[in-house]
2 protein chains.
Amino acid sequence: MNYAGTHLILDLFGAQNLDNVDCVRDALVQASEVIGATILEVHAHKFQPQGVTGVALLAESHVSIHTWPEKQYAAIDVFVCGNLNPEKAIEVFKTTFQPTNVQCVEIKRGITV
Amino acid sequence: MNYAGTHLILDLFGAQNLDNVDCVRDALVQASEVIGATILEVHAHKFQPQGVTGVALLAESHVSIHTWPEKQYAAIDVFVCGNLNPEKAIEVFKTTFQPTNVQCVEIKRGITV
């Protein structure tokens with residue numbers, strides 16, 4: 001199968017540390033590093049009264065984290081092109097956010113014959 | 001249904017203007033504006049020999065565009081929380097990138113009972 005990239009869609013439920021912008025920023029960096037991606041930029045914002053949103057822009061696409069502390073929920077995307085394996089990042093998110101439940105869907109993007 | 005956000009996954013085939021970083025940046029801004037989102041930051045990078053990657057970080061999550069000019073392909077994500085309708089952004093991408101084929105999948109993220 002010929003495709004442009006692999007997109008991992010992660011939903012973390014029952015998670016912790018979701019209102020900590022440093023945790024989110026560190027998770028973006030660690031996840032990018034563990035999959036062997038090249039980071040172009042990392043940005044993370046803390047909202048009031050709660051919530052954090054952040055993205056690591058990669059030479060190989062992106063990692064994004066958006067958190068809803070009031071729901072103990074985080075929406076995470078790991079999108080990488082080439083032969084990188086985004087699944088390696090899952091352990092980083094489990095360690096950082098300690099979810100009780102993780103839902104994971106992988107999509108191959110840009111499939112061509 | 002109670003959910004955290006709506007995630008539109010768009011794949012554009014047979015597309016144009018994919019190696020133009022200004023087009024990508026403008027599309028990120030216009031798409032964010034047309035859906036009524038609040039832009040925190042916009043970043044776009046041009047790769048050599050080809051390709052552009054960019055993201056608009058929003059108060060309501062993000063819009064991302066990654067292009068493969070050699071495949072005439074772009075992977076676009078529009079992820080917004082609350083009551084915003086990401087489908088309004090599709091026309092911006094059609095106008096900017098003139099794709100011959102658009103594949104679209106919408107996912108509700110963070111569904112809770």
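Arg25(A) and Asp22(A) sit three residues apart in helix α1 of chain A, residues 21–34, which is about one turn of the helix. Their side chains meet in a salt bridge, 3.2 Å from N to O. The model is a predicted one. Over all chains, the rule counts twelve salt bridges. Across the interface of chain B and chain A it finds four.

- Side chains of opposite charge can pair when their charged atoms come close.
- Helix α2 of chain A, residues 90–97, holds Lys94(A) and Glu91(A).
- These two residues are three apart, so about one helical turn separates Lys94(A) from Glu91(A).
- Lys94(A) and Glu91(A) form a salt bridge, with the closest N and O atoms 4.0 Å apart.
- Lys94(A) counts as partly exposed at 37% relative accessibility.
- Glu91(A) counts as partly exposed at 48% relative accessibility.

**A salt bridge between the chains**

- Arg109(A) and Asp77(B) meet through their side chains in a salt bridge of 3.1 Å, N to O.
- Arg109(A) lies in strand β6 of chain A, residues 101–109, and Asp77(B) lies in strand β5 of chain B, so the pair joins two chains.
- Arg109(A) is buried, since its relative accessible area is 0%.
- Asp77(B) is buried as well, with a relative accessible area of 0%.
- Asp11(A), Asp77(A) and Arg109(B) belong to one network, joined by salt bridges that share partners.

**The interface of chain B and chain A**

- The size of an interface is often given as the accessible area lost when the parts come together.
- Here the area buried between chain B and chain A is about 2600 Å².
- Carbon and sulfur atoms give 66% of that area.
- On chain B, 36 residues are in contact with 36 residues of chain A.
- The rule finds 18 residue pairs in polar contact across this interface, with both residues at pLDDT 80 or more.
- On the side of chain B that touches chain A, the elements giving two or more residues are β1 (5–13), β2 (39–46), β3 (52–58), β4 (61–68), β5 (73–81) and β6 (101–109) of chain B.
- Strand β5(B) gives the largest share of that side, six residues.
- The residues on that side of chain B divide into 19 nonpolar, twelve polar and five charged.

**Aromatic rings**

- Over all chains, the structure holds six aromatic pairs.
- One of them joins Trp68(B) and Tyr73(B), whose ring centres are 5.4 Å apart.
- The planes of Trp68(B) and Tyr73(B) stand at 45° to each other, and the pair is tilted.
- Trp68(B) counts as buried, because its relative accessibility is 10%.
- Tyr73(B) is buried too, with a relative accessible area of 0%.
- Phe13(A), Trp68(A), Tyr73(A) and Phe79(B) form one aromatic cluster.

Definitions and conventions: Residues are numbered from 1 along each chain as its sequence is written. Chains are lettered from A and ligands numbered from 1 in the order in which they are written. This is a predicted model: local features need pLDDT of at least 70, side-chain atom pairs count only at pLDDT 80 or more; totals for chains, interfaces and linings use all residues. Side-chain values use heavy atoms; hydrogens and water are left out. Contact means heavy atoms within 4.5 Å. Buried area is the accessible area (1.4 Å probe) that two parts lose on being put together, summed over both. A polar contact is a pair of N or O atoms within 3.5 Å; within protein, one must be able to donate a hydrogen and the other to accept it, and residues adjacent in sequence count only if both atoms are side-chain atoms. Helices (H or I, at least four residues) and strands (E, at least two) are DSSP runs, numbered from the N terminus. Ala, Val, Leu, Ile, Met, Phe, Trp, Tyr, Cys and Pro count as nonpolar, Asp, Glu, Lys and Arg as charged, and the others, Gly among them, as polar. Rings of Phe, Tyr and Trp (its six-membered ring) pair if their centres lie within 6.5 Å; planes under 30 degrees apart count as stacked, over 60 as edge-to-face and the rest as tilted. Buried means under 20% relative accessible area, exposed over 50%, partly exposed in between (1.4 Å probe, protein chains only).
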